[in-house]
Amino acid sequence: MGATGMKMSEYVPKAFFTALNNRSNLHCLILCTDWCPDVIWNVPILFRVMEQSRISTEVLLMEKHMETMDLFLTDGGRAQPIAVFLNGTGDVLGRWGARPAYIQAVMDRFKKNNPDKQEAGYKEKLNQTYREIGELYHASNEYQEVMLHELRDLFTTFPS
């Protein structure tokens, strides 16, 4: 049970993702590194969804694919992981990442309130923001349920 009190299967039925099995024209690129905490939390869930959906998946290490990474910046930065969904001809259908929206909101709020990276105390405030993000991941499995919901909503925008 997550923080919402619902089992993950009630939140987004597994059947939704397995129903995508006949969509062999979908492909997922996951842009990431091996040192990022968000990657550690979120990529296993992305892999599970891609496996259940039978969406072919390729991992691109950010450091080796900077030009591709720079096509999918988050608020001007190289946030990761980024899952990019492509059709059979290579057109981008959508993207997810780098964090569930409610967790990303913590970083967005920090950036809005601290635009000057040279300001005294910036690093300390940034580190506190990272601690807050970590606490949200550790608090419950809600982030997993939110990811599944966000991915379901994204997938419903893809043409059949």
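**View A. Helices H3 and H6 cross in a left-handed way.** Here, left-handed says that the near helix is turned anticlockwise from the far one by less than a right angle. In this predicted model, local features need pLDDT of at least 70 and side-chain atom pairs count only at pLDDT 80 or more, while totals for chains, interfaces and linings use all residues. Helix H3 (residues 37-53) and helix H6 (residues 122-139) pack at about 25 degrees, and their axes are 11 Å apart. H3 and H6 are therefore roughly parallel, a label for angles under 35 degrees.

**View B. Here is where H3 and H6 meet.** H3 brings Asp38, Trp41 and Asn42, and H6 brings Ile133, Tyr137 and His138. Sorted by class, that's three nonpolar, two polar and one charged residues.

**View C. Leu31 sits in strand E1 (residues 27-32).** With a relative accessible area of 1%, Leu31 is buried (buried means under 20%, with a 1.4 Å probe and protein chains only). Residues are numbered from 1 along each chain as its sequence is written, and side-chain values use heavy atoms, with hydrogens and water left out. Beyond its neighbours within four places in sequence, Leu31 has contacts (heavy atoms within 4.5 Å) including Leu60, Met69, Phe72 and Val84. His65 is 34 residues from Leu31 in sequence, yet their C-alpha atoms are 8.2 Å apart.

**View D. The largest nonpolar core has 32 residues.** Such a core joins buried Ala, Val, Leu, Ile, Met, Phe, Trp, Tyr and Cys residues through side-chain atoms within 4.5 Å. Phe85, Leu151 and Phe155 touch the most other members. A second, separate core of 11 residues includes Leu29, Leu60, Met62 and Met69.

Definitions and conventions
Axes fitted to C-alpha atoms, helices over the stretch in contact; angles between N-to-C directions. Helix = DSSP H or I, 4+ residues; strand = E, 2+ residues; numbered from the N terminus. Parallel < 35°, antiparallel > 145°, perpendicular 65-115°, else oblique. Nonpolar A, V, L, I, M, F, W, Y, C, P; charged D, E, K, R; others polar. Buried < 20%, exposed > 50% of the residue type's maximum accessible area, 1.4 Å probe, protein only.
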